[in-house]
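Welcome, and please open your viewer. We will go from stop to stop, selecting one part at a time and looking at what is there.

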Amino acid sequence: ELGKVVDCIDRSNAELGTVVKLLADRKASTESFKEAARGILSGARGVVKMPYCNCLMDLCINLGQMEKACALLDAALQLDIYSNVQTRTQTQWSLHLRGLSVGAALTTLHVWMNDLYTTLQSGEELPPLLGIHTGEGRNMYSDKGLASVFESHLKELDAPFHGAPDKAGWFLTTSVAAKHWLEAKKSSELVAV
């Protein structure tokens, strides 16, 4: 049925249809998809940019196109569509996923975990605490709350992040546990969606 959906999108908005066709086509290059997506996001007005990104990343994840999801996230970050998804202090690095769709949040987690792995490989130290903030309650893009989706996803990954009893919607770990886990995994195995 994907072909029918793409045709409907293409008839209503040819530029968006092109982006969705490039996304769905496994042979289409990630770079051509990223440029087409950047074009439609640059031209979108105000508050529709984030929902476009969220929906496109959900589609990427649902179609098993993580590389394209990461390229889309990179374009969105360059265009300041997702601002403040990461914060860093001397004592804690945090990922803020509240307001993102499940696909956008999983993509952001994938990129962050790879960044943490790269940081360790370059010989840098992680701060004492790492945190993921999903928010609490229902997610507007999912039947379940993002916190419950992440709790089960982190368990699947055997990641050392655990729900903080005094901070709803937060998953925390120490740098020692994260370092041990990251070193035990290969970069390509960090997040299997």
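In what order do the strands of the open sheet stand? The 5 strands run E1-E2-E3-E5-E4, with mixed pairing. Strands here are DSSP runs of E with at least two residues, helices are runs of H or I with at least four, and both are numbered from the N terminus. Two strands pair if DSSP finds at least two bridges between them.

Before moving on, a word on what you are viewing: this is a predicted model, where local features need pLDDT of at least 70 and side-chain atom pairs count only at pLDDT 80 or more, while totals for chains, interfaces and linings use all residues. Residues are numbered from 1 along each chain as its sequence is written, and side-chain values use heavy atoms, with hydrogens and water left out.

Select 86–88 and 162–163, which are strands E1 and E4. Both stand at the edges with a single partner strand each, so one side of each has no neighbour in the sheet.

**Stop two: the domains.** Colour 1–79 as domain 1 and 86–192 as domain 2; these bounds come from an automatic or database domain assignment. Their C-alpha centres are 25 Å apart. Where they touch, 10 residues of domain 1 are in contact (heavy atoms within 4.5 Å) with 11 residues of domain 2.

The size of an interface is often given as the accessible area lost when the parts come together. Between domain 1 and domain 2 about 870 Å² is buried (accessible area lost, 1.4 Å probe, summed over both parts), and carbon and sulfur atoms give 69% of that. On the domain 1 side, helix H4 (49–62) and helix H5 (66–78) are the elements that give two or more residues. Select H4 next: it gives the most, with 6 residues.

How many salt bridges cross this interface? The rule, a side-chain nitrogen of Lys or Arg within 4 Å of a carboxyl oxygen of Asp or Glu, finds 0.

**Stop three: a salt bridge.** The count by this rule comes to 4 salt bridges. For one of them, select Lys21 and Asp10, whose side chains meet at 3.0 Å, N to O. Lys21 belongs to helix H2 (residues 14–24) and Asp10 to helix H1 (residues 2–12), so the pair ties together parts 11 residues apart in sequence.

Note on methods. Buried area is the accessible area (1.4 Å probe) that two parts lose on being put together, summed over both.
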